[in-house]
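Me: I have a model open and want to talk through how it is put together. Can we go over it?

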Amino acid sequence: MDKQALIDALNQDLASEYAAIIQYIQYSAKVRGPWRTELRGFFQAEIADEQMHAQYLADKIAALGGNPTTQPTAVPNADTPEVMLQAILEAEQTAIRNYTQRSQQADKMGELALKVQLENMVSDEQNHMQEVEQILADWR
């Protein structure tokens, strides 16, 4: 992998983080039902982590000589709490896979600080994923 390919991959990750921010904002506004208060708080609490991830990625892309994207990936529409949580679970699983791969790529390129930060982001995303899994357990 060359530097431009890494920048391109990091930009894809950045677009996904933007989408996560939008997703959490949208879902916190739309959530209905008996768990609205709890889920709204949960969704809103996740926004700060996703913003930190996005800022780190944008800074790293710029430091590598790239131009951070301004376009998010598509945000899945969801109208029920269960569908919202399932969409978030899928996004977290994708982020874990992508950041694990990106960490390995950074390591091969000698970008050790990036490797470590991406591993930390994997940890964050795994914690988010496990929380969503616990919320979805015994949903019905």
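Predicted model: local features only at pLDDT ≥ 70, side-chain atom pairs only at ≥ 80, totals over all residues.

Me: Start with H1 and H2. At what angle do their axes cross?

Reply: H1 covers 3-30 and H2 covers residues 36-63. Their axes cross at roughly 160° and come within 8 Å.

Me: Parallel or antiparallel, then?

Reply: Roughly antiparallel, because an angle over 145 degrees counts as that, and H1 and H2 therefore fall in that class.

Me: Left-handed or right-handed crossing?

Reply: The crossing of H1 and H2 is left-handed. The residues of the contact of H1 with H2 are 16 nonpolar, five polar and seven charged.

Me: And how do H1 and H3 pack?

Reply: The angle between H1 and H3 is about 160°, and their axes are 11 Å apart. That makes H1 roughly antiparallel to H3. The crossing of H1 and H3 is left-handed.

Me: What about H2 and H4?

Reply: H4 is made of residues 112-136. The axes of H2 and H4 cross at roughly 165° and come within 12 Å. H2 and H4 are therefore roughly antiparallel to each other, and their crossing is left-handed.

Me: Back to H3. What span should its 28 residues have, and how far apart are its end C-alpha atoms?

Reply: At 1.5 Å a residue, H3 should span 40 Å. Its end C-alpha atoms are 41 Å apart, which agrees with that expectation.

Me: Which residue just after H3 has a positive phi?

Reply: Gly 110, with a phi of about 80°.

Me: Changing topic: how much space lies in the largest pocket?

Reply: About 310 Å³.

Me: How many residues line the largest pocket, and which lie nearest its centre?

Reply: The lining has 22 residues. Those nearest the centre are Ser 16, Ala 20, Ala 91, Glu 92 and Ala 95.

Me: Which helices supply at least two residues of that lining?

Reply: H1 (3-30) and H3 (81-108) each do.

Me: Which helix gives the most?

Reply: H3, with nine residues of the lining.

Me: Last one. How does the lining divide by class?

Reply: The lining of the largest pocket has 11 nonpolar residues, along with six charged and five polar ones.

Definitions and conventions. Residues numbered from 1 in each chain as written. Heavy atoms only, no water. 1 Å grid on protein atoms, 1.4 Å probe; cavity = no way out; pocket = protein on both sides within 12 Å on 5 of 7 lines; lining within 4 Å. Points joined across faces, edges and corners; volume = space filled by probe spheres on them. Helix = DSSP H or I, 4+ residues; strand = E, 2+ residues; numbered from the N terminus. Nonpolar A, V, L, I, M, F, W, Y, C, P; charged D, E, K, R; others polar. Axes fitted to C-alpha atoms, helices over the stretch in contact; angles between N-to-C directions. Parallel < 35°, antiparallel > 145°, perpendicular 65-115°, else oblique. Left-handed = near helix turned anticlockwise from the far one by under 90°. Expected span 1.5 Å × (residues − 1).
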